[in-house]
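Colleague: Hi! Could you walk me through this one?
Modeller: Happy to, here it comes.

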Amino acid sequence: MPGIDYSQKIPNNVDLKSDRRLQRALESWQPDYIDWWKSVGPTDFNEKDIYLRTAVSVDRDGWAHYDYITMPEYRWGIFLTPQEADRKIGFGDELGKDAWEQVPGEHRNSLRRLIVTQADTEPASVEQQRLLGHTAPSLYDLRNLFQVNVEEGRHLWAMVYVLQAHFGRDGREEADELLERRSGNSDHPRILGTFNEPCEDWLSFFCFTMFTDRDGKFQLLALAESAFTPLARSCRFMLTEEAHHLFVGQTGVGRVIQRTCQVMNEFPDADVTEHGAIPLELIQRYINFWVSSSNDLYGGEVSSNAANFFRSGLKGRAWEQKREEHTALDDHYNMDVFENGTFTNTDVPLRNAMNEVLRDDYIADNQKGIVYWNKITAKHNIDFQFSLPSRRFNRRVGMYAGHPFDLDGDLISQSDWDAKAAGEWLPTIADREYVQSLMKPSLEAGKYAGWIAPPAKGINGKEIDFEYVKL
Ligand SMILES: [Fe+2]
Ligand SMILES: [Fe+2]
C-alpha cells in the first residue's frame, strides 16, 4: 500500500504520477477549485493560522497530523483506503462476482448520477457555512468550523477524482459543474433541498453537522459497499473524516443545552432569554426543522431507482457485511403506504424499500444523539425531554410530502398544521432573530460566548483555552 505522496502538486495515494492524462486533468481543475474556495468558501480567514488536522496516511490509527496552517495551504488530495485483494461484490444480483475496477458500460449513467449527487453536497455545505466564522462563539468552535470546511472540500476532491478517472469527458464536465452550482441560488442551485437551506447561525450549524452530515455518513456507508471499488474506497476514507463533523454537531447542540440548563438552575424564575441562553423549546424546533429536511435526503419510501441501484451492486445497505442475506430478493419491508390520503399496510419488496432501510439506520443513529442530550437535561434536574419528529413530519420528498402530519406522525387537518407548524413546531421568525441576536464573536483564547458551555476537552489533547486560531 503506497503511503500518501505529499511531494506532488496534488497529494495522493493513488500513484497519480503514473497516469499523466488524469494528472493533467486534475491539475487543470485545481486552480478552479482554489478560485471557488476563495470566492464562496469561508470569508476573510484565509490568511490566518489555524490548528488543523491533515490526513497523512490512510491507516486506521494515526492517520491525521495536527499543525498550524492557513486554509489555502491545506493539502486537498486524493486518499483511498487500501486496496483489498480479490474484492468481491457484496450484494445484489452480482453477489460474489469480482468487484469492478472500471465502470461497466451499462451502469455508467446511474453511477455517475449517484457520484455527482454525493459530490454536490460537499461544496454546498462549505457555501452554506461561509459566513459563520464572523460570529464564532470561541476559537475552539471557529477551528472546528474550518476543519469541517476543509474536509468537505477534500470530499469534493475525492468524488472529482472518481469522476475524472473513470467517466472521461462526462466526468470532467461534471467536475466543472460541481464548482458552478451554488447553494441557495435560484437559477443554479445545489442538487438536494437541504443543501440550499440557509445556515446562518451556529445553532443551525450544529444541527446541520449533527443531522445533515449524518445523512452523509449513511450515504457514504451505502456507497462504500459499492461493487465499483474506486468509489467504495474513496467513500471509506471520507467516513474516517466525517466522524469529527458529527462530533462537532452532537457536542455543539449538547453544549448549548448545557448552558441553558445552567441558566435555568441559576435563575429558576426567569426567562432564559433574559440571560442570553437559548430556550430548550427553541432548540427542539431547530431539531425538528433539520431532522425533517435531512429525512428527505434519502428519497422516496418506495423506489424503483433504489431497487435498481441495489440489484446492480451500485449502492448497498449500511454495514452490508453484518447482514446475513445479501440479495434482498425474497424479503419484504412492511410499511403503511400513504396514498390518496389513506394508509394501506403493504409488504413492499425489500429492494424497493432500500431508501427506507437506510433512513431507518439514520433515524436510529439520530436517536442516540437525542438520548445524549436528554442526559444533559436530566443531569441538571431539568424536566425536559428532546425527541425526534416522526419521519412523516414536514416532508417535501416521498409519499408524505406536502401532507400535514404532526410530530407524532398523525395526519391532522391543514388548518391545524398551519396553526401549529409555524408557531410551535418549526423555528419562528422570532426564534431566528433571537438566535441571530446572540451571534456575537467571542474570539479570545479560552473565552466562550454566553449561550454555549465550553467543551469538556480540547482538540488533539490541547486545552480548551488553546489558541486554535491565530487572529
Ligand atoms: Fe463530506
Ligand atoms: Fe461532513
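Colleague: Which residues of the largest nonpolar core touch the most other members?
Modeller: Those are V160, L203, C207, V256 and I283, out of 115 residues in that core. A nonpolar core is a set of buried Ala, Val, Leu, Ile, Met, Phe, Trp, Tyr and Cys residues joined through C-beta atoms within 7 Å. Buried means 20 or more other C-beta atoms within 10 Å of a residue's own, with C-beta atoms placed from the backbone. This is a predicted model: local features need pLDDT of at least 70, side-chain atom pairs count only at pLDDT 80 or more, and totals for chains, interfaces and linings use all residues. Residues are numbered from 1 along each chain as written, and chains are lettered from A and ligands numbered from 1 in the order written.

Colleague: Which helix gives the most to this core?
Modeller: Helix α3, residues 139-166, with 16 residues. Helices are DSSP runs of H or I with at least four residues, strands are E runs of at least two, and both are numbered from the N terminus.

Colleague: And what does V160 touch?
Modeller: Leaving out residues up to four places away in sequence, V160 touches W29, A119, A175 and L178. Contact means backbone-placed C-beta atoms within 7 Å.

Colleague: New topic: in what order do the three strands of the open sheet come?
Modeller: β2-β1-β5, with antiparallel pairing. Strands pair if DSSP finds at least two bridges between them.

Colleague: How many bridges join β1 to β2?
Modeller: Six; for example, L52 has D67 in β2 as its bridge partner.

Colleague: Why is one side of β2 and of β5 left without a neighbour in the sheet?
Modeller: Both stand at the edges, each with a single partner strand, so one side of each has no neighbour there.

Methods: A residue is buried if 20 or more other C-beta atoms lie within 10 Å of its own, exposed if 12 or fewer, and partly exposed in between; C-beta atoms are placed from the backbone. Two residues are in contact if their C-beta atoms, placed from the backbone, lie within 7 Å.
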